[in-house]
Amino acid sequence: MNNIEQFPKQDSHMIYTKLKALADNQKETHLSQLFAKNPLRFEQCSIHINQLCFDFSKHRVNGKVFEQLIAYAKSHQLKDWIQRLFSVEKINYTEKRAAMHWALRLPKNSHEHPQLAKQVHGQLDRMYELVERIHAGQYRGATGEVIRDVVNIGVGGSDLGPLMISHALTDFKVQTAQDLKVHFVSTMDGSQLSDLLHQLRPETTLFIISSKSFGTIDTLSNAQTARCWLQRTLKASDSALQCHFVGVSTKPDKMTEWGIREDNQFLLWDWVGGRYSLWSCIGLPIALTVGVENFKDLLAGAFEIDQHFQTAPFEQNIPVLMALLGVWNNNFLDIQTHAVLPYDGRLKYFASYLQQLEMESNGKSVQRTGEKAVVDTCPIIWGEVGPNAQHAFYQLLHQGTHAVSCDFIAPVHRYNANQFTYIDNADALVEQHHLALSNCLAQSRLLAFGNEVLDQTELENLPAYKQYAGNQPSTTVLLDQLTPYTLGMLVALYEHKVFVQSVLWNINAFDQWGVEKGKEIANHLLPILNREVEDVSHFDSSTQGLLKILLGKKNG
């Protein structure tokens, strides 16, 4: 790859040194002191765009730190890197591919990238047509019955993204005559699929096989089980069963060979990473759940953030600030874990989705130069829906020995009487939402200010085990409502945050060689477990011993 920046460059190194010194000083400063010194801290440390508020006032930064963090981003030529991302350049240099997931959100009439937009919308329009046919009851199975259940078979980005979005947008589920249900299957052991097949009728079930390479063994094993189930129960030929399968992949030849007819094949491109693919036809389960117009709103929300990311100055650029604050916590304050805490049950799978997005992207230790990383890269990402997490691991956040940074996410508005006519008193649900919001704000306050939020008259005699150190940094993101549009915005913010951090850490965010090698090694073990190969002498003693147990052989 040409023009690869060394890290740290001389100016970057100078700023890095300044930030290290500022971090040493900041360790003596408590968040409560920063707020006491500046009554306007929230106004100065929050950004509002459209239907979203980003509050970073509870991070341990002051004006000097903020200034140096912005300079740090500029010293890494971040503006140039953003331009390179939004181009056809193969910035995923290890796989010799571009990283153009942003192109999936382009408007149909894009003037900047007309050919790309035409290519993308050609596939999306075909997907929309299928969605409308299924919703209208015009798509039928081998016996002529209407499709009532759709099962998405995928793993990783072909599962986590569509699952997360579909669950998050349950309020926007379209009403169809057949009450269409969408299910998700990902586990390679077959447990999810086995449980699900007992509940479905083969005559009315459609399977979506989502695999970028159409070679992922997890996905194809589940797909084969589904096909066997259909063959056994419907007793129909493979050609007759083709209407029960849809494929999404970069490999039309493999889909055809597997038995998916051409008009049920939807194409990806190699410049779409799996964990960035929900905006493409991988999002078919989303469109089936929420409908075509809501899927288009999801894309439009992400496109707004794409524009914001490219045009906003760094001081007002939310993905840039998210990344810089993460780097500040990780590399300068030595905070190695980050919790994502949505206060909305619809975002149940959001933390799981971000685990892949962030840790698969930036869990790297080799720079673009081929040299070992000189700073820590991606922190451990974890989390849970906030009200559940309060009864699980908040004890550690408040009084444990680990420093943890947090993202609190919540919608401002939730529920209305018109939406929930089946409840006599919809106001009760609104009150429950207010209960969640009050807990969201309370938890971030206690994490930040510790004893400062307690009754000061009681503090003098309060035992140590009832006290709170505080000073745990957090971000709060408020959405006006959780809609397809605002969810599109939210996901795109995190996507671009990940890219910015990869630039600052000088790593490639778009490959995942650590994932690939593990699957390759598994292929060496599978023939032994299938009793096709007997020699295990070349394995380590632990693996040999475990294989003997699995094969029912005595040790000794």
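Two strands pair if DSSP finds at least two bridges between them. Helices (H or I, at least four residues) and strands (E, at least two) are DSSP runs, numbered from the N terminus. This is a predicted model, in which local features need pLDDT of at least 70, side-chain atom pairs count only at pLDDT 80 or more, and totals for chains, interfaces and linings use all residues. Residues are numbered from 1 along each chain as its sequence is written, and side-chain values use heavy atoms, without hydrogens and water.

Start at strand S6, residues 245-249. Five of its five residues are buried (under 20% relative accessible area, 1.4 Å probe, protein chains only). In a regular strand the side chains alternate between the two faces of the sheet. Phe 245, Gly 247 and Ser 249 lie on one side of S6, Val 246 and Val 248 on the other, and all are buried.

S6 has strand partners. Strand S5 (residues 205-210) runs parallel to S6, joined by four bridges. Here Phe 207 has Phe 245 as its bridge partner. Strand S7 (residues 265-267) also pairs with S6 in the parallel sense, over three bridges. Gly 247 stands opposite Gln 265 in S7. From S6 the chain crosses through helix H11 (residues 252-258) to S7, a right-handed β-α-β crossover: with the strands pointing away from the viewer, the path from the first strand over the helix to the second runs clockwise.

Note on methods:
Buried < 20%, exposed > 50% of the residue type's maximum accessible area, 1.4 Å probe, protein only.
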